[in-house]
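Trainee: I would like to learn how to read a protein model. Where do we begin?
Mentor: We take a few features in turn, with the general idea before the case.

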Amino acid sequence: MREENRWIDSCVKFFRHRRVRPMRVWMFGQHANPARDAASRQAWLDAYRAHNAAVREFFATRQHQYFEFDPTSEGGWDRLCAFLGAPIPGRPWPHANPTKPDRPWRPAWRRLKQSLGVEAREPVDGDAD
């Protein structure tokens, strides 16, 4: 689990100039790019919340099989290793994996590929129902 505003901000930053793949269109329709607009961002947050609620519900009677934590704020192996019954590794807790900044040429490259028909455009209202 991650704090949801940090999670969606990360998604928006990561997917901002990336190709919209068919799986995201299938999952989110016109909201396949969380950076597109406020409604798309909200659709992703709603899906995040629904997924987390479904996972918690599924494991409600299986607490011994479920461990919830935020790896970005945990900072140590103790709780995870205790849950797994595993020894604490002899290396530090993994660092954050920040998204690299967008390359300034990426949006122009995307538009060129779309105009040549080698990359799909983002769906518009009514495209993916």
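**Salt bridges, cores and a helix**

Mentor: This is a predicted model. The count of salt bridges in it comes to five.

Trainee: Why can such pairs form?

Mentor: Side chains of opposite charge can pair when their charged atoms come close. Here Arg49 forms a salt bridge with Glu4, and their closest N and O atoms are 2.4 Å apart. This pair links distant parts of the chain, since Arg49 is in helix H3 and Glu4 is in helix H1, 45 residues apart.

Trainee: Which other pair links helix H3 with helix H1?

Mentor: Arg41 and Asp9 meet through their side chains in a salt bridge, at 2.7 Å from N to O. Arg41 belongs to helix H3 and Asp9 to helix H1, 32 residues apart.

Trainee: Is Arg41 buried, exposed or partly exposed?

Mentor: Exposure is read from relative accessible area: under 20% is buried, over 50% is exposed, and partly exposed lies in between. Arg41 has 27% relative accessibility, so it counts as partly exposed. Asp9, at 40%, is partly exposed.

Trainee: What about the salt bridge of Glu74?

Mentor: Glu74 pairs with Arg79, at 2.8 Å from N to O. Glu74 is partly exposed at 23% relative accessibility, and Arg79 is partly exposed at 42%. Elsewhere, salt bridges that share partners join Glu4, Asp46 and Arg49 into one network.

Trainee: How many residues make up the largest nonpolar core?

Mentor: To read a core, look for buried nonpolar residues joined through their side chains. The largest one here has nine residues, including Trp7, Phe15, Phe28, Trp44 and Tyr48. Helices H1 and H3 each supply at least two residues of this core, and the largest share, five residues, comes from H1. Another core, of five residues, lies apart from it and includes Phe69 and Trp93.

Trainee: Which residues of helix H6 are buried?

Mentor: For a helix, ask which way its buried residues point. In H6, residues 106-115, the buried ones are Arg106, Arg110 and Gln114. They cover an arc of only 75° around the axis, so they are on the same side of H6. Arg111 and Ser115, on the other side of H6, are exposed.

Trainee: Which residues make the nonpolar surface patch?

Mentor: Trp105, Trp109, Leu112, Leu116 and Val118 make this patch, of about 570 Å². Leu116 lies in the segment after H6 and is exposed, with a relative accessible area of 61%. Gly117, which follows H6, has a positive phi, near 80°.

Key. Residues are numbered from 1 along each chain as its sequence is written. This is a predicted model: local features need pLDDT of at least 70, side-chain atom pairs count only at pLDDT 80 or more; totals for chains, interfaces and linings use all residues. Side-chain values use heavy atoms; hydrogens and water are left out. Buried means under 20% relative accessible area, exposed over 50%, partly exposed in between (1.4 Å probe, protein chains only). Helices (H or I, at least four residues) and strands (E, at least two) are DSSP runs, numbered from the N terminus. The arc is that of the directions from the helix axis to the C-beta atoms. Patches are made of residues with over 30% relative accessible area and no salt bridge: like charges are joined within 9 Å, nonpolar side chains (Val, Leu, Ile, Met, Phe, Trp, Tyr) within 5 Å. Accessible areas come from the Shrake-Rupley method with a 1.4 Å probe; for residues, only the protein chains shown count as cover. A salt bridge is a side-chain nitrogen of Lys or Arg within 4 Å of a carboxyl oxygen of Asp or Glu. A nonpolar core is a set of buried Ala, Val, Leu, Ile, Met, Phe, Trp, Tyr and Cys residues joined through side-chain atoms within 4.5 Å.
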